[in-house]
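Please read the following points with the model open beside them.

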Amino acid sequence: MAISYIHLFILSFISISRFLVISKPGAESELVADLLTLQSQSESGVIHLNDRTVSKFITSTKTPRPYSLLIFFDAIPLHDKSDLRLPVLVHDFALVASSFIANHNGSNTKLFFCDLEFRESQSSFKLFDVNSLPNIYLVGPDAESLKDDIEQMEQSGFTRLTESLVEFIESRTQLTVGPIHHSPIISKKQMVLIIGFLLIWSPFAARKIFAGETMFHNPRIWLSGAIFVYFFSVSGAMHIIIRKMPMFLMDREDPNKLIFFYQGTGVQLGLEGFMVGFLYTIVGLLLAVVTHVLVYVKDLKTKRIGMLFSIFVSFWAVKQVIFLDNWKTRYAIHGFWPSRWN
């Protein structure tokens, strides 16, 4: 009788063990299926989480999970604060998410992009110990503690979120994001309208061109254009446009104070770049005056005064640029004089 009870116990134990082994993969596949469903319902592929779904996909699921979650923490009431740039960051995050999904043909089940909104998920914000925005956390398959086991993206990466997010994902998850699919600047309808306008306008433009009556026949236009191109190149305006850098930032410690110069490599604010471009443009214009104007001045005294003025102003402008570079990078540039001058 005792032997029968022992056999019954062993059989029951084996059955329960088999059930647990079978049910765990089933539960995991069900979670992945739910995430894929939520991902397909989102236009950009970013899954909108709340306190309930955080519990379902993270806290109530045993590790290791069959997936990782990349979570962007958002707060709609703070979208009007220009220094946080939350709307721009939301767009860039969604762009990386949609590109990742498109590059993997929607078959990826290892990484899911998610967002959390503060008003809807205050408990989750406390759970992740999020006290400031913007913030991006990666919850890996083995993360148990949401304060110690998750990985946070560095704040410096938010200045160029698209590239930094790709690097962050590929270095932490060993997954390849692939090319970023930017939306076209001009839609097909706009392109058709532009082509139609050019076809209608081209006969009138051709008559003006052959008659020499366009603004492009004016030398002053070319001179102004050359100065603009020079200023545009030395001010880093293309960097500002591509990276979508703000003109200035608001000091988080003092909201009434504005930051025009950011200390740190790889970051250049808009007004900071324009200030450097203005200084370089002064040097370029003075050099043009010396080589194209002063050489034709017959009065020797006036020529010398103009030369000295150009030298001193150019020296001052270049010195200001070097001082700013030393302050930003903490790398000092020293002057080297002949040894006999020491």
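This is a predicted model: local features need pLDDT of at least 70, side-chain atom pairs count only at pLDDT 80 or more; totals for chains, interfaces and linings use all residues.

**Notes on the model**

1. The side chains of Arg119 and Glu117 form a salt bridge, with 3.8 Å from N to O, where the term stands for a side-chain nitrogen of Lys or Arg within 4 Å of a carboxyl oxygen of Asp or Glu.

2. Residues are numbered from 1 along each chain as its sequence is written, and side-chain values use heavy atoms, with hydrogens and water left out.

3. The structure holds three salt bridges, and one of them joins the side chains of Asp34 and Lys56 at 3.0 Å, N to O. This pair links distant parts of the chain, since Asp34 belongs to helix 1 (residues 2-41) and Lys56 to helix 2 (residues 51-59), 22 residues apart; helices here are DSSP runs of H or I with at least four residues, strands are runs of E with at least two, and both are numbered from the N terminus. Asp34 is partly exposed at 23% relative accessible area, and Lys56 is likewise partly exposed, at 33%.

4. Arg172 and Glu151 also meet through their side chains in a salt bridge, at 2.7 Å from N to O. Here too distant parts of the chain are linked, with Arg172 in helix 5 (residues 161-173) and Glu151 in strand 5 (residues 151-152), 21 residues apart. Arg172 is partly exposed at 39%, and Glu151 is partly exposed at 32%.

5. An unreviewed UniProt entry annotates residues 191-210, 222-242, 278-298 and 304-324 as "transmembrane region", and such annotations may be inferred rather than shown by experiment. In the model, residues 222-242 are 90% helix and 0% strand, with end C-alpha atoms 26 Å apart, while residues 278-298 are 71% helix and 0% strand, with end C-alpha atoms 30 Å apart.

6. The protein chain as a whole has ten helices and seven strands, and 30% of its 342 residues count as buried. Of the contacts (heavy atoms within 4.5 Å) between residues at least 6 apart in sequence, 65% join residues at least 24 apart.

Methods:
Buried means under 20% relative accessible area, exposed over 50%, partly exposed in between (1.4 Å probe, protein chains only).
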